[in-house]
Amino acid sequence: MVGTRQHALHAVSLWLCLGVYLGCTAVAHATPRVLTARDATPRERYAAERLRAAVAGLPGHQQILLAQRDNALLRPYDAQLATFWPNAKEAFVLRRLGDTLIVAGYDASGTLYGALELAQRILAAHALPATLDYEDHPQLKLRGTAIGMQKPEITYEGAEYDYPYTPQNFPFFYDKAYWSKYLDMLASERINTLYLWSGHPFTSLLRLPRYPEAQELPTAQLEQNIAMFHWLTEQADRRGIWVLQGFYNIHLSHAFARAHHVPYHLGAPTPLASEYTRYAVSEFIREYPNVGLMMTLGEAMGPHYGPEWLTGTIIPGVKDGLAELEQQLGHPVEPPPIVVRAHATDIDAVMAAARPLYANIDTMYKWNGESLTWTNVRGPVRAQFERLVAGSNVQIANVHILSNLEPFRWGDPDFIRQTVLNFERIGIGGAHIYPLRFWDWPVSADNTSPLLEQTDRDWIWYEAWARYAWNPNRDPQAEAVYWAQRFADRFGSEVAGQHLLAAYELSGVCAPRLLPRIGITEGNRQVFSLGMTMPQLIDAARFNPAQTLWTGDAPDGERLVDYVAAEAAHKPHHGDTPIVAAQESAASAARAVQEAEAAASGITRNQQEYQRIVNDMRAIAALMAFYNAKTQAAADVMLFGYDRDPQHLHAAEDLLRASVEHFRTLVQLTDTTYRDAAAMHTTQRQIPVRGGPSTEHFRDLLPVYEHELATFHARLQKLGSAGSAITDHNQSGTAGSKPLAQVPFTLSQGDASVFPVAVGEPIFNGSDRMKITALDPSLVGLRGIRLALQGHGSVEFSLPQPAQVLIGTVHAKGADALNLSSATEQWNIAIPDALRLSGSSTPVTAWTMQLPAGRNQLALGAGSFVVLGFLPASVELRPQVRFDASAGTSGPPNLDWLFED
């Protein structure tokens with residue numbers, strides 16, 4: 001007995017001596033020992049903590065060595081460990097050599113991921129692996145999630161995207177327990193980037209002594225924020241996560257803007273704004289050397305200013321901060337990557353100007369716009385990705401907003417796997433993944449008490465993107481087994497897991513497939529789950545459709561207008577069609593309900609969440625049934641426009657009535673189970689109706705669709721079965737509109753002048769080249785602003801209250817020429833045929849956008865424009881149909897009036 005004890009003590013002494021010899025640290029106990037080098041990085045020490053937690057309670061005398069491949073701790077095993085290839089970032093090797101298990105990483109992150117892989121295996125088996133010889137590395141270099149430091153409503157002085165970091169605005173930001181749980185989840189899923197979105201975060205995170213007038217928060221609050229951000233970014237770094245802080249341009253501190261009598265957001269650079277922003281960027285780099293920057297160059301600022309602003313302000317600010325940091329530390333610092341979004345800016349010109357000055361630039365571009373519509377891209381979208389891949393260190397695909405998926409649960413793993421495979425094929429090196437509910441982080445839209453955290457409700461969304469960003473090259477059949485088991489782990493049985501996975505997959509294809517065939521846009525301007533009106537289906541061109549929705553973000557196929565034209569001409573169809581997509585989506589959603597319900601007998605835990613899943617599947621099925629009936633109704637109405645057969649209209653009425661009943665079912669399923677349908681509560685939403693407090697829930701839209709049905713029924717009753725009566729009604733034109741109310745404004749000095757919007761008035765400053773010859777009656781009496789005939793249409797003015805600016809595009813390609821282009825979803829068509837001008841046969845289209853009270857600056861982009869006036873923010877402008885009797889009768893008539901007052 002004594003000899004045995006002495007032998008054990010001798011063994012422990014040898015082990016401790018080995019630890020001292022190798023410069024490692026360890027804790028002696030009866031479980032397997034985890035050893036790290038004495039010079040282990042914070043990331044490796046965190047990895048050791050996770051491994052020790054995994055082996056806690058396991059019997060054994062084995063040791064686990066955890067270090068980077070070239071560390072002295074692993075030197076005795078050099079001959080038995082493979083050498084990594086050059087630049088094998090985040091790669092790792094796991095080996096078992098007798099009673100020694102080795103975790104060797106190419107770098108600290110590789111060591112961390114190797115430890116997490118081993119910990120996962122130990123926890124699954126409740127034992128150390130008997131054999132171990134495994135190597136792994138990521139396929140995508142950057143794998144990230146996003147959190148919006150933003151709110152559903154615009155709350156800060158009418159300025160979009162700007163929200164100070166305060167406990168009132170973002171209580172989760174100050175919750176260290178929350179952050180620890182979230183960051184642990186990201187580390188476990190091998191996520192290595194975290195993007196924080198904000199309009200102007202600098203005054204929430206920095207002291208700016210050069211500009212004391214810029215301070216927006218009380219000093220105590222600012223100091224708390226700085227301390228919290230340091231803690232957060234250090235904790236993220238321990239877990240291998242690089243935090244990037246986003247900001248928009250040109251956004252200024254509101255206090256700074258007031259002090260200098262300039263707008264909060266600028267449409268064009270100024271020396272003052274450049275000096276202030278350059279200084280803020282340099283202070284950020286100096287204060288937070290391990291934090292990156294992600295920038296949106298456009299939206300407020302005109303797209304043509306992007307190269308100037310990045311090369312003359314942002315990059316110099318980064319370099320200033322690096323120089324100060326190097327002086328402070330006494331050694332060179334590697335220039336951090338900066339991420340530039342290819343959004344609302346001329347990204348090709350931006351990169352051409354910036355790369356010679358700063359090489360470490362990554363780019364980001366939206367995948368499927370602001371929705372999820374396809375596993376691939378084509379046409380102009382693919383071409384842009386390929387250009388960015390060729391000109392960037394890393395091109396990051398931005399899976400953005402998901403406006404066609406909210407508020408329901410969504411998690412089709414194979415859809416995600418195929419998507420990431422296409423990232424690889426294109427050369428995309430990074431994934432940036434939004435939550436399914438961005439504007440209301442961290443909770444979901446479910447009406448529960450307490451509210452559900454998105455990371456719990458939408459676990460499969462995060463796990464699937466992370467799994468396939470690490471490696472999408474996995475066997476589909478094996479993956480189906482894997483995901484069924486993940487559901488089984490949560491709900492109690494393999495049978496339940498298989499049925500629930502099938503339900504998620506069957507429901508997951510519906511909205512992505514259908515939106516491109518019938519929708520208006522993949523942007524946040526449309527909330528697909530709230531439905532669409534008949535005019536939006538039969539007359540999409542009236543609502544400023546985003547053409548890349550079907551030319552770039554969907555496979556080849558037809559829109560309703562194409563489908564009906566082919567039907568009327570008895571021509572063959574091509575690709576996916578709206579009718580087939582609607583029918584098959586409805587059938588797939590119905591099968592998803594059956595699969596979800598079939599899981600009931602196997603559910604042994606998380607019963608309440610299971611019931612919420614079933615309700616979601618039923619709601620999606622009701623929504624798809626609504627769209628199926630309404631899409632067929634729209635096709636019948638459009639066919640009537642070709643053949644004047646009244647039977648089409650009668651069939652459409654029956655289908656429209658059925659669609660309303662399906663939507664009524666959707667309302668019943670969501671009335672008490674959801675707080676709202678869309679997290680963004682602003683008037684930016686336009687489809688199916690304007691966003692706001694009275695249009696946020698499914699129940700708010702049911703009266704809209706009931707009224708639409710009643711109007712259609714009344715029109716048919718009045719017109720009878722005579723198709724000619726309908727045609728004659730169409731040709732009679734529309735009655736004159738009442739003049740619009742207007743908001744006064746004060747024009748700042750510049751190359752612009754105020755004028756009355758009236759027939760005979762020239763529309764360009766200093767030129768009589770074009771005069772108004774005809775105008776929509778609603779514009780009579782407005783006060784507009786003439787701009788220069790040529791140039792970028794920049795104008796500055798002040799408003800006493802929030803308002804909508806009304807802009808006429810003259811020599812411009814619609815909203816694509818505007819600073820806030822159709823891609824940004826902020827300009828909306830108000831009047832398609834607003835003005836007629838001398839010397840031009842092309843009518844002027846009027847566009848509108850919301851603006852805050854106070855000083856505003858607009859940089860409208862390349863082209864010629866006229867400001868037609870300012871309207872109260874509360875005025876809802878629907879694009880009105882204009883008919884010109886002199887245009888002839890060729891083609892089908894416009895039939896929107898059948899459904900509208």
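These are my notebook entries on a few places I looked up in a predicted model.

**Ground rules**

I number residues from 1 along each chain as its sequence is written.

**Entry 1: the barrel**

I began with the strands, which, like the helices, are DSSP runs numbered from the N terminus (E, at least two residues, for a strand; H or I, at least four, for a helix). I found a closed barrel of 8 strands in the order S7-S8-S9-S10-S11-S12-S13-S14, with parallel pairing, where two strands pair if DSSP finds at least two bridges between them. From one strand to the next the twist averages 25°. Looking at one pair, I noted that strand S9 (residues 242-249) and strand S10 (residues 292-299) are joined in the parallel sense over 6 bridges, and that Tyr248 stands opposite Thr296 in S10. Helix H8 (residues 271-287) lies across S9 and S10 and runs at about 160° to S10; such angles run from 0 to 180 degrees between N-to-C directions, with axes fitted to C-alpha atoms, for helices over the stretch in contact.

**Entry 2: helix H11**

Next I looked up helix H11 (residues 379-391), whose 13 residues reach 19 Å from the first C-alpha to the last, close to the 18 Å expected at 1.5 Å a residue; the expected span is 1.5 Å times one less than the number of residues. Which residues of H11 are buried? They are Val381, Gln384, Phe385 and Leu388, and seen down the axis of H11 they fall within an arc of 100°, so they line one face of the helix. The arc is taken from the directions from the helix axis to the C-beta atoms. Buried means under 20% relative accessible area, exposed over 50%, and partly exposed in between, with a 1.4 Å probe and protein chains only. These buried residues pack against helix H10 (347-354), strand S12 (361-366), strand S13 (395-399), H12 and helix H19 (548-551).

**Entry 3: Asn422**

I then turned to Asn422, which lies in helix H12 (residues 413-426) and counts as buried at 8% relative accessibility. Its side chain makes a polar contact with the side chain of Arg425 at 3.0 Å; a polar contact is a pair of N or O atoms within 3.5 Å, where within protein one must be able to donate a hydrogen and the other to accept it, and residues adjacent in sequence count only if both atoms are side-chain atoms. Leaving aside neighbours within four places in sequence, Asn422 is in contact (heavy atoms within 4.5 Å) with Trp367, Thr375 and Asn376.

Strand S20 (residues 794-799) and S24 pair over 6 bridges, and Ser794 has Ala859 in S24 as its bridge partner.

Is strand S25 (residues 864-872) enclosed or open, and how many of its residues are buried? I found that 9 of the 9 are buried, so S25 is largely enclosed by the rest of the structure.

Notes. Predicted model: local features only at pLDDT ≥ 70, side-chain atom pairs only at ≥ 80, totals over all residues. Heavy atoms only, no water.
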